[in-house]
Amino acid sequence: MASICVLLARDAEDLPDALTMLSHDLERRTELPTSPSLPGQAVTADVLLIDAREDAASGRDLCLRARANLDQPILLLVSSASLPVVQRSWGADDFVLDRATAAEFDARVRMLITAKHAAGVLSQGAIVIDEEAYTASAGGQPLNLTYTEFELLKHLVLHPGRVLTREHLLSEVWGYDYYGGTRTVDVHIRRLRAKLGPEHDGHITTVRNVGYRFSPVREG
């Protein structure tokens with residue numbers, strides 16, 4: 001069982017029912033601790049969940065302050081309306097929609113905890129990414145990736161099983177201010193698959209008219 005510190009962007013008590021159904025310990029706060037040395041202010045939770053459902057700007061500010069002052073993994077709670085403005089520069093490790101199921105909430109919390117304990121090494125199936133060394137391999141063979149290809153693969157691996165739209169990938173990997181079209185994503189996915197080779201390119205599947213999905217188990 002994990003402990004989750006919920007940092008609410010507004011003074012609200014309502015949380016998704018699926019989240020409250022979990023066995024994890026939930027602690028609600030409306031402010032970041034001003035002095036971790038004072039009793040009752042230190043954040044000792046395994047994961048920090050920041051609410052950015054209704055007020056994305058406040059959620060962003062909380063995220064930036066938390067990243068600067070705390071070392072817990074940050075999970076951003078977003079709505080369908082706030083998701084399009086979320087950027088990687090906020091410092092969150094992952095995000096989850098407020099309409100997600102209890103199983104998805106649980107999976108994302110556990111994934112963040114596992115990733116933290118792995119000391120910067122992400123592993124999904126045959127794909128292994130060392131964030132600190134900035135290297136990636138498939139089936140034990142090193143991949144010669146460009147910076148963008150590395151970031152693209154890493155983002156896919158961080159969200160196994162989730163269908164990521166081209167617009168989302170463009171925003172998260174290239175940056176929200178990037179002016180190129182979504183065709184750029186298709187080109188880089190094609191190059192990434194070519195470098196993965198026929199034995200491993202099936203980890204990245206195309207969801208027609210939507211985007212791409214990474215699967216730890218090679219499909220096709």
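Modeller: Start with α4 and α6, which are roughly perpendicular to each other. The model is a predicted one. The angle between these two helices is about 85°, and their axes lie 10 Å apart. That angle falls in the range of 65 to 115 degrees, which is why the pair counts as roughly perpendicular. Two numbers are quoted here because packed helices are described by the angle between their axes and the distance between the axes.

Now look at the residues that meet. On the α4 side they are Thr-148, Glu-149, Leu-152, Leu-153 and Leu-156. On the α6 side they are His-188, Ile-189, Arg-191, Leu-192 and Lys-195. Keep Glu-149 and Lys-195 in mind, as both come up again with Asn-144.

Asn-144 sits in the loop between β9, residues 141–142, and α4. Is Asn-144 buried or exposed? Asn-144 is exposed, and its relative accessible area is 66%. Set aside the neighbours within four places in sequence, and Asn-144 is in contact with Glu-149 and Lys-195. Glu-149 belongs to α4 and Lys-195 to α6. Along the sequence, Asn-144 and Lys-195 are 51 residues apart. In space their C-alpha atoms are 7.5 Å apart.

Helix α5 spans residues 166–174, and helix α6 spans residues 183–196. Their axes come within 9 Å and cross at roughly 80°. α5 and α6 are therefore roughly perpendicular to each other. From α5, the contact uses Arg-166, Leu-169, Leu-170 and Trp-174. From α6, it uses Thr-184, Val-185, Asp-186 and His-188.

In one of them, Tyr-134 and Tyr-147 are stacked, with 6.0 Å from centre to centre and 5° between the planes. Tyr-134 lies in the loop between β7 (127–130) and β8 (135–138), while Tyr-147 lies in helix α4, residues 147–158. The pair therefore ties together parts that are 13 residues apart in sequence. Tyr-134 is partly exposed, at 37% relative accessible area. Tyr-147 is exposed, at 53%.

Tyr-134 also pairs with Phe-150. These rings are stacked too, with centres 4.0 Å apart and 25° between the planes. Why do they count as stacked? The planes are under 30 degrees apart, so the pair meets that cut-off. Phe-150 is in helix α4 and Tyr-134 in the loop between β7 and β8, so this pair ties together parts that are 16 residues apart in sequence. Phe-150 is buried, with a relative accessible area of 3%. Tyr-134, Tyr-147 and Phe-150 make up one aromatic cluster.

Next comes Arg-162, in the loop between α4 and β10. Its charged end sits over the ring of Phe-95, 4.3 Å from the ring centre. Arg-162 also forms a salt bridge with Glu-104, at 3.4 Å from N to O. Glu-104 lies in helix α3, residues 102–117, so this bridge ties together parts that are 58 residues apart in sequence. Is Arg-162 buried or exposed? Arg-162 is buried, with a relative accessible area of 12%. Glu-104 is partly exposed, at 28% relative accessibility. Salt bridges with shared partners join Asp-94, Glu-104, Arg-108 and Arg-162 into one network.

Finally, step away to other salt bridges. The structure holds twelve. One of them links the side chains of Arg-53 and Asp-14, at 3.9 Å from N to O. Arg-53 is in the loop between β3 (47–51) and α2 (56–69), and Asp-14 is in the loop between β1 (3–7) and α1 (17–20). That pair therefore ties together parts that are 39 residues apart in sequence. Arg-53 counts as buried, at 11% relative accessibility. Arg-60 and Asp-61 also meet in a salt bridge, at 3.2 Å from N to O. Arg-60 counts as partly exposed, at 32%. Asp-61 is partly exposed as well, with a relative accessible area of 37%.

Notes:
Residues numbered from 1 in each chain as written. Predicted model: local features only at pLDDT ≥ 70, side-chain atom pairs only at ≥ 80, totals over all residues. Heavy atoms only, no water. Phe/Tyr/Trp six-rings, centres within 6.5 Å; stacked < 30°, edge-to-face > 60°. Helix = DSSP H or I, 4+ residues; strand = E, 2+ residues; numbered from the N terminus. Buried < 20%, exposed > 50% of the residue type's maximum accessible area, 1.4 Å probe, protein only. Lys NZ or Arg CZ within 6 Å of the ring centre and 35° of its normal. Salt bridge = Lys/Arg side-chain N within 4 Å of Asp/Glu carboxyl O. Axes fitted to C-alpha atoms, helices over the stretch in contact; angles between N-to-C directions. Parallel < 35°, antiparallel > 145°, perpendicular 65-115°, else oblique. Contact = heavy atoms within 4.5 Å.
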